[in-house]
Amino acid sequence: MQELIQQVLSGIATGGIFGSLALALVLIYNAMGLVNFAQGEMAMFATFVAFTLIVHGVNYWIAFPVTLVLAFAGGIAIQRIVIRPVERAPVLTLVIVTLGLATLFNGLAGFLFGYVPRAFPSPFSVQTVNILGAFASYQDLGVIAVSGVVLIAIYLLLEHTTVGLTMRSAAHHPEASRLLGVRVSWMLALGWGLASAVGAVSGIMVAPILLLEPDMMQTIIIYAFAAAVLGGIESPLGAVVGGLIVGVTVNLAGAYIPFVGGDLQLAVALAIIVAVLVLKPNGLFGRPTARRV
Amino acid sequence: MGSALLELQDVSAGYGPTSVLHAVSLSVEEGEIVSLLGANGAGKTTTLRAITRGVQWTGDIQFAGRSLRRMSTEEVVRCGIAHVPEGRGILTELTVEENLRLGSHLRRNGPEVRKDYDRVFEYFPVLRERRKLSASTLSGGEQQMLALARALLMKPRLMLLDEPSLGLAPIIVRSIFDIIRTINQTDRVAVLLVEQNANLALEMSSHAYVLEVGRVAVKGQSSELKGNESVRKSYLGY
Amino acid sequence: MVQRIRSAPPRYWLVAVAVLFFAGFPTVATSFQASQWAQVLILAIAIMGLNILVGYSGQISLGHGAFMALGAYVSAVLTHKYKVDVLATIPIAGLVTGLIGFLFGIPALRLSALYLALATFALAVVTPSLIKRPVELTGGVQGILITQPDPPQLAKDAFATVTGTPMTSDQWIYYVTFAFAVVLFWLAWNLVRHRPGRAMRAIRDGEVAAAASGVNVAGYKTLAFGISALYAGVAGALFALATGFVSPDTFPVALSIQLLVGAVIGGLASIPGPLLGAIFAYFLPIESNQWVPAQTWIPSQIAATVVKAGPAVSYGAVLILIMIFAPNGIVGLANAGYTRLRRRLRGAADRESGHVPPDPQTV
């Protein structure tokens with residue numbers, strides 16, 4: 001029983017990581033009806049930036065927000081420079097552009113930071129604390145706390161500020177929003193910036209667990225896809241809930257189903273994606289219709 | 001010409017290779033209500049869309065002395081023009097309150113905005129009742145009220161209204177038009193009114209233009225046009 | 001007959017020239033170059049398959065590397081475990097993969113373009129793990145070695161007569177690949193010219209309208225999946241033959257991306273597109289390392305940086321630039337250029353004859 005609770009808590013922690021990246025995917029999907037295949041690589045790149053800061057003596061808790069700000073700016077820059085020229089292009093073109101971005105970031109990271117896996121410092125000790133008779137590590141609790149804070153902040157921003165309102169309006173009703181004076185194009189850029197920052201959180205949280213190297217996020221992005229699809233690709237709440245479910249499920253499957261070892265956990269994610277798409281394509285929180293004007 | 005608030009000079013506009021408007025000239029004075037009439041397909045909606053940059057145009061459009069040529073839709077709107085399009089442009093993914101907030105989101109003066117909210121809820125009490133509900137739950141008439149309320153909250157100098165009476169019961173149409181008239185008189189908001197219901201439009205407006213196949217066929221004082229039987233029969237269908 | 005040859009459109013001449021060029025290529029090139037271009041032809045076959053799916057029937061797949069892996073492993077296992085003649089395994093691999101692809105196409109019917117891209121992408125990422133598992137069959141991480149066949153005596157003699165040197169294994173494999181490529185390209189060309197091609201294009205351009213016109217949408221979409229998987233399977237089997245080795249790591253997700261990229265850059269919904277795309281996909285990473293430093297007009301610091309940054313950066317950057325400036329690929333650019341040229345030539349002819357084209361601004 002104790003071990004079960006531990007696994008579940010661990011699963012919630014990984015779920016926070018998946019959910020953050022899934023939230024980034026959902027933000028961009030809402031902005032432009034497209035899944036950003038480069039989200040994981042962008043998050044990885046931001047994590048390398050954080051690493052560089054930390055290695056040069058910057059305190060973790062300063063490097064973290066600084067990286068988020070840089071990721072935010074980077075996301076806006078990418079939208080303005082790379083995405084805007086192809087805004088109205090067909091889906092396939094946009095998919096290729098994001099794939100190109102993914103390749104670019106991966107290669108750039110390798111070029112600037114090298115391919116040797118690095119250990120990424122974590123501010124949370126690996127000691128455990130006793131909760132409900134089970135041992136939960138500070139590491140897991142820390143990840144849950146940080147992810148939670150970030151996700152709540154995004155929620156508050158989107159639902160309770162004017163900026164969030166204009167972003168949502170621009171995403172769902174671009175033409176009507178223009179007639180209300182909303183600078184739709186800049187709102188999309190903002191969406192990218194926000195997504196980039198949230199993705200960076202995911203990368204920084206996962207780096208201490210895996211090792212930091214250019215291919216680090218390539219499996220995480222699949223879990224994030226599973227989470228986003230499960231939650232409903234348009235729903236930020238769904239991304240978070242989906243992340244938690246995927247995190248716990250994958251963890252439990254890896255621990256208790258002998259067939260599923262470390263590497264086949266990914267196949268579990270694939271199975272989730274396929275199952276959702278076949279059984280309930282709109283996910284848990286998605287709407288059946290919802291096409292924008 | 002003069003110092004009209006809105007001035008269109010020789011505006012031609014179209015979609016792709018087909019031209020819908022041909023050398024249309026019209027003007028709206030500060031605080032005036034002007035009707036734009038004509039049959040379906042005459043180009044009335046296109047005229048409004050040209051002003052807010054929803055369609056490419058040649059010629060010149062000036063608002064408060066500034067040319068709108070190089071502006072995007074958002075920039076034109078931010079100059080002080082509120083456009084309630086055909087279909088009303090209701091943001092159905094958002095609540096009624098959020099729709100209204102998007103009307104006032106550009107304004108800085110808190111107390112004035114609050115006063116305007118009070119007025120809006122006075123004109124349209126149903127909006128206060130349904131504030132927290134999704135805008136998609138509103139009926140056609142209520143959506144028109146929401147669109148109008150939202151436009152009012154933008155505190156524009158000019159309102160472009162595209163067929164506000166479309167699909168609404170006569171009694172609701174009456175009350176909406178009364179409110180439009182009130183807004184025009186209290187806030188000195190100019191209105192360019194596109195309407196199928198020519199009678200109603202002519203009653204409200206001081207000037208009118210009648211479009212036929214993309215050109216200005218008739219223009220003049222509304223009272224004159226109303227009284228002119230041949231104009232009414234050939235162009236206005238009654 | 002002579003009349004028909006003279007009036008054949010220029011395109012047919014280009015094809016004849018290309019076929020002859022590729023047929024004669026190994027006689028004048030090194031064995032290594034032949035093996036390189038065999039890889040190009042293999043990619044071209046796979047990309048042609050993907051093109052049928054994406055370009056003609058409008059369904060996106062980011063997972064065709066998985067089909068290549070399947071074909072490669074079918075061939076490898078048959079050869080290695082069951083001692084089937086390696087050349088015979090190639091069509092078998094194709095058929096097996098084609099069948100699997102067809103079955104795959106059935107649930108794919110329910111997915112929108114984006115979800116299909118997502119699902120196939122996930123499939124591509126998971127494929128290496130899935131291969132590793134059944135160690136008995138696939139050899140796990142170790143992979144399977146394939147002995148590359150010697151050229152048959154007849155081929156050796158023919159080659160020696162022409163070039164004076166004996167044919168190497170690589171060159172023989174090149175010719176095997178070339179033969180399959182010719183057949184498969186010819187099949188594809190026929191497919192798109194006739195009803196299946198028309199049906200698929202109708203589906204791509206508007207499913208609802210196509211269905212209303214009586215097109216069997218579900219049938220053709222799954223057929224497209226099956227055919228494209230077949231091509232990928234054959235390509236995979238040829239790949240196993242040409243490389244002499246298969247392992248889970250030879251089919252990473254990058255391969256699937258490379259295929260899609262090649263299809264788009266070459267030019268979707270065209271027959272020459274896949275070949276051009278394959279050339280691009282194969283040589284760009286290599287050439288950016290060699291070609292760039294050789295260009296004297298590029299300052300040496302920039303060149304050094306580009307080389308160090310590696311193929312991935314240039315690949316990604318080039319991809320983005322092409323999507324922004326030439327989204328219809330090389331064939332699209334060629335078509336656009338050709339049209340512009342024809343218009344200019346016709347304009348000149350019109351001016352001479354006094355012919356005035358009608359004003360486009362009809363009201």
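User: Which residue does B:Arg174 form a salt bridge with?

Analyst: Keep in mind that this is a predicted model. B:Arg174 sits in helix α7 of chain B, and its partner is in helix α8 of chain B, 29 residues apart. The closest N and O atoms are 4.0 Å apart, and the partner is B:Glu203.

User: Is B:Glu203 buried or exposed, or something in between?

Analyst: Buried needs under 20% relative accessible area and exposed needs over 50%. B:Glu203 comes out at 38%, so the label is partly exposed.

User: What is the N to O distance in the salt bridge of B:Glu30 and B:Arg157?

Analyst: B:Glu30 is in the loop between β2 and β3 of chain B and B:Arg157 is in the loop between α6 and β7, so the pair ties together parts 127 residues apart in sequence. B:Glu30 is partly exposed at 36% relative accessibility, and B:Arg157 is partly exposed at 36% too. Their side chains meet, N to O, at 3.3 Å.

User: What span should helix α6 of chain B have at 1.5 Å a residue?

Analyst: The helix covers residues 140–153, which makes 14 residues.

Key: Residues are numbered from 1 along each chain as its sequence is written. Chains are lettered from A and ligands numbered from 1 in the order in which they are written. This is a predicted model: local features need pLDDT of at least 70, side-chain atom pairs count only at pLDDT 80 or more; totals for chains, interfaces and linings use all residues. Side-chain values use heavy atoms; hydrogens and water are left out. Helices (H or I, at least four residues) and strands (E, at least two) are DSSP runs, numbered from the N terminus. The expected span of a helix is 1.5 Å times one less than its number of residues. Buried means under 20% relative accessible area, exposed over 50%, partly exposed in between (1.4 Å probe, protein chains only).
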